[in-house]
Amino acid sequence: MQTKEPLAIVWLKRDLRLQDNEAIFNALNTGKKVLLLYVFEEFLIKDPHYDIRHWNFIKESIIDLNKELIQYNSKILAVNSEVAATINQLMQHYHIQDLFSHQETGLLCTYHRDQKITRYCHNNLINWTENIWNGVLRGVQNRRGWVGQWTAYMESPLIDFNPKNQLLTIKEIEHLETLFTVTDLSTPIITPIQKGGVTEALKYQNTFFKERYINYTKGISKPELAQESCSRLSPYLAWGNLSTRQVWHAAKNIRPLSKNKKDLDAFTSRLKWQAHFIQKFEMEHTMEDSSINKGYHMLKKSISVKYQKAWQTGQTGVPMIDACMRCLNETGYLNFRMRAMIVSFFTHLLWQPWQDCAVYLSKMFIDFEPGIHFAQVQMQAGETGINTLRIYNPVKNGYEFDTNANFIRKWVPELAHLQTKHIHEPYAMTPLEQNLFNIKLGVDYPEPIIDLKENRKRASKILWEMKNDPLVMQENDRILAKHTLNKSTLNIAG
Ligand SMILES: Cc1cc2nc3c(=O)[nH]c(=O)nc-3n(C[C@H](O)[C@H](O)[C@H](O)COP(=O)(O)OP(=O)(O)OC[C@H]3O[C@@H](n4cnc5c(N)ncnc54)[C@H](O)[C@@H]3O)c2cc1C
């Protein structure tokens, strides 16, 4: 009987890079032949949190990796299948005892899939080694010592990619492809959404550290300026084209000569927030569809399809909200403050459940990262109990952060010809002014779908009262004990 050649498999997920990839490093360390595998899983493709834009980003990332892998005469095996079924097929040709991947802090459906894979590996005598993802720790009960461990992880050396002829060759992979439905990796060439891949990620990183970061704090809340002055690294971090540790090291390297250390430090502190929120989700996975503070489970809101549709499509009659939603739908990006504002509008002013808004936004954000996303949506909805309740006034935010209304002009072109004050508050125009400026509210642009002042009052009253509810307060203590960090440790200096 012919013996099969041993093969170690790297199951790529949200770690679509070769450098500083511990799963690949560990697989190569076995000394065996190594296959890099990406499985496009049907259950995830169909999951309501995901959109075609995410799968295109992943495909672009794989194409980019394949370009890099040509020099090693290899490529990624990308198939439409299930992970266990894929390994089963591969076992027809190879002796498989080793599977490597990063730990995933993902949706409940990926947790259940991982439980299945654990059983599968156990039954098939496969060792599944999962390594830490960006400093997020598994199985911890509280945050004692967390910052120290996270910092030590970030400060540790980057891992080099050095395959020494171990990767399966292109020819061998093409032979394997005959066993599978191979994924069609083609994607639209021109798109307003950030493209995936390490090459793109490095372009954003390099331009940011070269000059863009200088305006980081000045621009972070402004929807137009933030597009330039923020790093725009979030999708590359979320899908792992870059590890957080790579970005951390790059920031540290330029710091000694930087004349804008304040901006640089404001940026690197966000990298710590990233892990902080994902860690929270890792320790509180029910946050995907229930409020972390159980006291808010009694808060019931009735669903309005009309309101939700108007919000999703940017037709609420509140220009700043409509501009944000249209921009997000088209580009997959919004800066932090505007994300917070659209959540507040949906949950407070439209009085809709945060869960519905979380699902829609996860589809639209090209950087959808479950750990950050659910925690942030709940925080902005005011359902954590421990955070300050903020009900954003979209008109005030418009005047403050889009002072000349350029952002609204761009995304709500039907208002572009108006004077700035009318762009911010078109509903305040008299019939005579509407006539004069050639616009008819309710025809050319919607009247506001709600009364901003009244709805704000209602939300404020209910949510402030709930803060004193005994269960909310009891839950506050639990959350603080389990998840909070010393505030000063969230800022890094030097
Ligand atoms: C309702 C809501 C949902 C969000 N959902 C996501 C999400 O799914 N994925 C995601 O990456 N970010 C999310 N954020 C956080 C933040 O808005 C984005 O990370 C940021 O706008 C991305 O742009 P950037 O890469 O230019 O950020 P930069 O300001 O340049 O920050 C650098 C990196 O730090 C991390 N970061 C920045 N701000 C935060 C924050 N407040 N909390 C945690 N990490 C942060 C991100 O990884 C980001 O790429 C959400 C915020 C809100 C209010």
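Residues are numbered from 1 along each chain, as its sequence is written. Because the model is predicted, local features need pLDDT of at least 70 and side-chain atom pairs count only at pLDDT 80 or more, whereas totals for chains, interfaces and linings use all residues.

The ligand is surrounded by 27 residues, of which Cys230, Ser231, Ser234, Arg270 and Gln376 are the closest; a residue is near a molecule or strand if its C-beta atom, placed from the backbone, lies within 6 Å of it. Two or more residues of this shell come from each of helix 11 (234-238), helix 13 (261-283), helix 16 (336-349) and helix 18 (370-381). Helices (H or I, at least four residues) and strands (E, at least two) are DSSP runs, numbered from the N terminus. Helix 13 makes the greatest contribution to the shell, with six residues. By class, the shell comprises 15 nonpolar, seven polar and five charged residues. In this classification, Ala, Val, Leu, Ile, Met, Phe, Trp, Tyr, Cys and Pro count as nonpolar, Asp, Glu, Lys and Arg as charged, and the others, Gly among them, as polar. The ligand lies between domain 2 (201-283) and domain 3 (294-483), because both domains give residues to the shell; the domain bounds come from an automatic or database domain assignment.

Aspartate 20 is found in the loop between strand 1 (5-11) and helix 1 (22-29). The phi angle of aspartate 20 is near 45°, a positive value in a residue other than glycine. Aspartate 20 counts as buried because it has 20 C-beta neighbours inside 10 Å; a residue is buried if 20 or more other C-beta atoms, placed from the backbone, lie within 10 Å of its own, exposed if 12 or fewer do, and partly exposed in between.

Asparagine 438, in the loop between helix 22 (431-436) and helix 23 (452-466), also is not a glycine and has a positive phi, of about 60°. With 9 other C-beta atoms within 10 Å, asparagine 438 is exposed.

Threonine 191 occupies the loop between helix 7 (170-177) and helix 8 (198-210). Threonine 191 has 15 other C-beta atoms within 10 Å and is therefore partly exposed. Although threonine 191 and threonine 331 are 140 residues apart in sequence, their C-alpha atoms are 8.2 Å apart in space.
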